[in-house]
Amino acid sequence: WLLKYPMPKGARLVRLTAIRTLLHIAGITLMFSSLQYLELADAIAIAFVMPFIMLLLGKVYLNEDVGPHRLSACAVGFIGTMLVVQPNFVEVGLPALLPLGVAVVFSLFMLVTRAIAKDVDPIGLQALSGAMAVPLVGAALLMLPNTSMFVVDQIPNSAWWLLAVLGGLGTIAHLLMTWSLRYAPSATLAPMQYLEIPFATLLGFAIFHDLPNSLATLGIVITMAAGLYVILRERATARASAAIIARQPAE
């Protein structure tokens, strides 16, 4: 409904950008919170139930054709995610579910981004999102001054340059994501997302000396395999549809 509600184009883009900004703030907050309790690779692997959630959202809300093969892969991928969650849940409790919240929020974030990517300039979108986010986060700082995640003076001086690097890399990454959604279909781009898991594992080991345990590793492998199967299935379906259209006689 939020994507399809009729409005003038300019007002619609502003409204969807505001929704996208709120989802972005919520997703980043959940991910940062999860990293206080979970290893980097585990948090990202759990959050990678996101492609399956997007597939289901497309079926339920956008009436996209999702066959039994892809639904079965969703179920297998969710089982893999639960294998990653289970040992973390035993160790840290409910915070192990935070990356699942990240997956839901960023699935909605990606749907909104897709809805506006072809109609806006990525740099303008990023600037407007930042302009909207500053007063929202500033209001949270003023309204919740004693909440641990909003206490700015706890940040050591040595961490400010890391925050600057994080902001720069995040800006570049989101610009590239928005540009890519403008020029390529999601089925083409989706395999790139799964590179995050091995990269996160390597970075987590190199910087924090963290490695997933055997059960979590099995869950990561299952989740990646199921996700890649969904992608291959979508490509096969797209090729078959294109072949049928090509064989139809021109009117």
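1. The lining of the largest cavity draws its largest share, 3 residues, from α9, and both α2 (40-47) and α9 (196-208) supply at least two residues each. Helices here are DSSP runs of H or I with at least four residues, strands are runs of E with at least two, and both are numbered from the N terminus. This is a predicted model, in which local features need pLDDT of at least 70 and side-chain atom pairs count only at pLDDT 80 or more, while totals for chains, interfaces and linings use all residues. Residues are numbered from 1 along each chain as its sequence is written, and side-chain values use heavy atoms, with hydrogens and water left out.

2. The residues that line the largest cavity are E39, L40, A41, A200, T201, G204, D210, L211 and P212. They divide into 5 nonpolar, 2 polar and 2 charged, where Ala, Val, Leu, Ile, Met, Phe, Trp, Tyr, Cys and Pro count as nonpolar, Asp, Glu, Lys and Arg as charged, and the others, Gly among them, as polar.

3. As for the fold, the secondary structure of the protein comes to 10 helices and 0 strands, and along the sequence the pattern reads α-α-α-α-α-α-α-α-α-α.

4. Of the 251 residues of the protein, 36% count as buried, that is, under 20% relative accessible area with a 1.4 Å probe and protein chains only.

5. Where contacts (heavy atoms within 4.5 Å) in the protein are between residues at least 6 apart in sequence, 82% of them join residues at least 24 apart.

Definitions and conventions. On a 1 Å grid over the protein atoms alone, a cavity is a set of points where a 1.4 Å probe fits but cannot get out, and a pocket is an open set with protein on both sides within 12 Å along at least five of seven lines; lining residues have an atom within 4 Å of a point. Buried means under 20% relative accessible area, exposed over 50%, partly exposed in between (1.4 Å probe, protein chains only).
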